[in-house]
Amino acid sequence: MSDQETATGGAGNRPGNGKLLYHHAVSNALYLVLVPVAAAVALRASRLTEADLTAAREYLLANLPLAVAVLSAAAVLATVYLMRRPRPVYLLDFACYKPGGDHVVTRETFMRQSAKAGVFTDDNLAFQRKILERSGLGQGTYFPAAVLNSPPNPCMAEARREAEQVMFGAIDGLLAKTGVRARDIGVVIVNCSLFNPTPSLSAMVVNHYKLRGDVASYNLGGMGCSAGLISIDLAKQLLQVHRNSYALVVSMENITLNWYWGNNRSMLVSNCLFRMGGAAILLSNRGGDRRRAKYQLVHTVRTHHGADDRAFRCVYQEEDESSRVGVALSKDLMAVAGEALRTNITTLGPLVLPMSEQILFLASLVARKVFGLAVKPYIPDFKMAFAHFCIHAGGRAVLDTMEKNLGLSDWHMEPSRMTLYRWGNTSSSSLWYELAYAEAKGRVRRGHRAWQIAFGSGVKCNSAVWVALRTVDPAADEGNPWADEIHSFPVQVPKAETVASSS
């Protein structure tokens, strides 16, 4: 399939002719109504005589106070609207961190390091091997040095070293791509769920780049894999207050102090999936930046199911029976994530779906709830709203579920699946590796809308919608993490890959 194919993802995924006709008819209904009205107005205007114009002028002169009052009220209302409407938020560019070759961890390396650790039982080593074989991860993912060392040496100093490598590596790349000076940044937001040192990670950024004294600095912790979109939403709100500002968002996770060294299987799964990575994003509310920005932020939707105890406990950091700290994943996770997804898309749908899809959804709902008919719930076709889907690469099961629930094709799922294969689960930053994939493939064109959606502990489901302000030329983006290897993708990822026994 050609990389130039966009919103439909190929002929096999296009709606039938009947639905296309219905979609275009509803989408253009307003124009079908306005055209006759405009024609009638034009016809009436063409018949106006000089006497009619003279009469209109005399009427205005006779009612001058009223005319002035109406015009003044209209001017005041227009001014209030312009002052109160949200400022547009532009994404100038983003950069994803690509570790060096000394951080590469193959599946065999992972199993060898796990065996050398001397803390896992034979049964749990076999369990990790089984998870890894079905994980969808490839042979080029990355671990920090502390975990790859023999023996591993997780400590605060190594965790800081990993954080500095990821954050500063991504930010350096971003500043080089945008040409923005560090001292011009007015807002800094860093999100990292499991590593929260003192001083904070955001303070480390302020110190390293010598940011100005009035910078608004925020550090988000404990918010899971969807925290990156929470950071984007927070930046959007702050840019409504801070005029003519740049907001730097850094999304990452830290592996060094959060590799689990115990034998609770619900905590071992994360060892097999999470990998080193991070992204830096630069947002602006300056009107002059629109012409050079890549995207404009259109919508952010955040939904939270934390009031439900089952959702609250399904991703839970705690000590195991041996007092070793890990993050336990509940068997209810996929069911809870599905409920969170439904809530989120129910909120997002009316904002992005064409009227034709909303009518079908409403008709299905009325048929079931009002008339009690045995009608299947209508699943809106989000391919009508978005050209690109960036779904958090949390694991193969997550992507399979999202593909099925949203009715997406292999083409739409390709950025997420290839990101999981190439980089692993890099937590909140995975969405940006996915968008970078679409850019590297030359798929992003002006006017395209991209949907980023992620799940996080709590449980939360968060979405961000971006519209491309220009066609992205992959040849001009040397900082893209996929640039030197995109020709090798996509690859076929087997349902299971044998991991060779460690020597």
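Predicted model: local features only at pLDDT ≥ 70, side-chain atom pairs only at ≥ 80, totals over all residues.
Biologist: OK, so which residue does R161 pair with?
Modeller: R161 forms a salt bridge with E158, and the closest N and O atoms are 3.4 Å apart, which means that the pair falls within the 4 Å limit.

Biologist: And where do those two lie?
Modeller: Both R161 and E158 are in helix α8, which covers residues 156-178, and they are three residues apart, or about one turn of the helix.

Biologist: Is E158 buried or exposed?
Modeller: E158 has 15% relative accessibility and counts as buried, because buried means under 20%, whereas R161, at 40%, counts as partly exposed.

Biologist: Switching topic, what does D484 pair with?
Modeller: The side chain of D484 meets that of K98 in a salt bridge, with 3.0 Å from N to O. This pair links distant parts of the chain, since D484 is in the segment after β13 (460-468) while K98 is in the loop between β1 (90-96) and β2 (104-105), 386 residues apart.

Biologist: How accessible are they, D484 and K98?
Modeller: D484 is exposed, with a relative accessible area of 55%, while K98 is partly exposed at 29%.

Biologist: What about E318, which partner does it have?
Modeller: E318 forms a salt bridge with R313, with 3.7 Å between the closest N and O atoms. Elsewhere, salt bridges that share partners join D93, K177, K294, E439 and D477 into one network.

Definitions and conventions
Residues numbered from 1 in each chain as written. Heavy atoms only, no water. Helix = DSSP H or I, 4+ residues; strand = E, 2+ residues; numbered from the N terminus. Buried < 20%, exposed > 50% of the residue type's maximum accessible area, 1.4 Å probe, protein only.
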